[in-house]
Amino acid sequence: MFGALLTGGFAALLASTAPAQAVPADSEIPPQKIEVSVQTVNGSGCPKGTTAVGVSHDNTAFTVTYSDYLARAGGDSDPTDMRKNCQLNLNVHVPQGFTYAIAAVDYRGFAHLENGGTGLQKASYYFQGSPDTTRQSHKFAGPLSDNWQTRDSTDYSALVWAPCGEDKNFNINSELRVNAGSSGAKDTSFMSMDSTDGSVSTVFQLAWKKC
């Protein structure tokens with residue numbers, strides 16, 4: 001979904017993977033809908049037309065849904081299939097007097113890893129022009145054939161807030177990687193972060209406050 005204008009809010013850098021404290025109930029949330037424009041969508045995990053972005057009505061989260069995000073290894077897989085990635089470049093405009101941060105990111109998908117096979121899901125987050133990049137990763141090991149879910153989160157007191165009064169493009173680069181490892185030559189392992197019915201999404205949970 002290129003150049004789509006979305007209604008809702010978005011986020012800043014993750015600070016750590018410490019257990020998340022709930023966003024306080026009295027957190028300031030902008031009453032106006034926030035404008036988020038998708039500048040570019042690039043990567044082998046998100047070919048054109050296979051990625052959708054939506055925002056919650058209450059400005060507390062936005063989601064990214066994929067329909068062709070799958071990495072696999074072993075069997076008749078092509079060597080380039082073992083790593084898939086997707087980079088989203090978003091322009092975020094929030095009402096004057098407010099700032100925002102990412103409280104947590106939930107990733108979901110399905111994995112089938114043969115005995116000896118391994119999988120990796122990771123993501124990085126950074127503002128355009130900034131040397132600071134936050135990276136999170138999660139490892140999986142076979143045998144495994146089930147839905148998977150990971151969470152990158154930070155305590156509310158440690159959130160990294162976007163600069164007040166500035167609109168900066170924000171980049172999210174996610175990746176799935178699968179290695180056949182010691183599994184049989186004919187065995188295929190795979191990990192997906194896709195959904196044919198729209199029920200599997202990456203959920204970015206937002207925190208807001210007044211500047």
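Are Cys46 and Cys86 buried or exposed? Both cysteines are buried. The views described below are taken from a predicted model.

**View 1. The disulfide of Cys46 and Cys86.** One disulfide is found when the whole structure is searched. The sulfur atoms of Cys46 and Cys86 are 2.2 Å apart in this link. The link is right-handed, with 100 degrees about the S-S bond. Cys46 belongs to the loop between β2 (35–42) and β3 (51–55), whereas Cys86 belongs to strand β6 (residues 83–93), so the pair ties together parts that are 40 residues apart in sequence. A disulfide is a covalent bond that joins the sulfur atoms of two cysteines.

**View 2. The aromatic pair of Tyr66 and Tyr69.** The structure holds three aromatic pairs. Tyr66 counts as buried because its relative accessibility is 4%, a value under the 20% cut-off. Tyr69 is likewise buried, with a relative accessible area of 0%.

**View 3. Thr51 and Tyr66.** Thr51 is part of strand β3. Its relative accessible area is 7%, and Thr51 is therefore buried. Thr51 and Tyr66 are 15 residues apart along the chain, and their C-alpha atoms are separated by 4.7 Å.

**View 4. Strand β7 and its partner strands.** Strand β7 (residues 98–113) is mostly covered, as 13 of its 16 residues are buried. Strand β10 (residues 144–153) pairs with β7 in the antiparallel sense over 10 bridges. Within this pairing, Arg108 has Gln149 of β10 as its bridge partner. Strand β13 (residues 201–210) also runs antiparallel to β7, and eight bridges join the two. Here the bridge partner of Asp106 is Val203 in β13. A further antiparallel pairing, of three bridges, joins β7 to strand β12 (residues 188–192). In that pairing, Phe190 of β12 stands opposite His112.

**View 5. The salt bridge of Asp106 and Arg151.** The closest N and O atoms of this pair are 2.7 Å apart. Asp106 lies in strand β7 and Arg151 in strand β10, and the pair links parts of the chain that are 45 residues apart. Asp106 is buried, with a relative accessible area of 3%. Arg151 is partly exposed, at 38% relative accessibility.

**View 6. The salt bridge of Arg83 and Glu175.** In this pair the closest N and O atoms are 3.3 Å apart. Arg83 is partly exposed, with a relative accessible area of 33%. Glu175, by contrast, counts as buried at 7% relative accessibility.

**View 7. A network of salt bridges.** The structure has a count of seven salt bridges. Arg72, Asp76, Asp81 and Lys84 are linked in a network of such bridges. One of the contacts is formed by Asp81 and Lys84, whose closest N and O atoms are 3.8 Å apart. Both Asp81 and Lys84 are buried.

Methods:
Residues numbered from 1 in each chain as written. Predicted model: local features only at pLDDT ≥ 70, side-chain atom pairs only at ≥ 80, totals over all residues. Heavy atoms only, no water. Phe/Tyr/Trp six-rings, centres within 6.5 Å; stacked < 30°, edge-to-face > 60°. Buried < 20%, exposed > 50% of the residue type's maximum accessible area, 1.4 Å probe, protein only. Disulfide = S-S within 2.5 Å. Helix = DSSP H or I, 4+ residues; strand = E, 2+ residues; numbered from the N terminus. Pairing = 2+ DSSP bridges. Salt bridge = Lys/Arg side-chain N within 4 Å of Asp/Glu carboxyl O.
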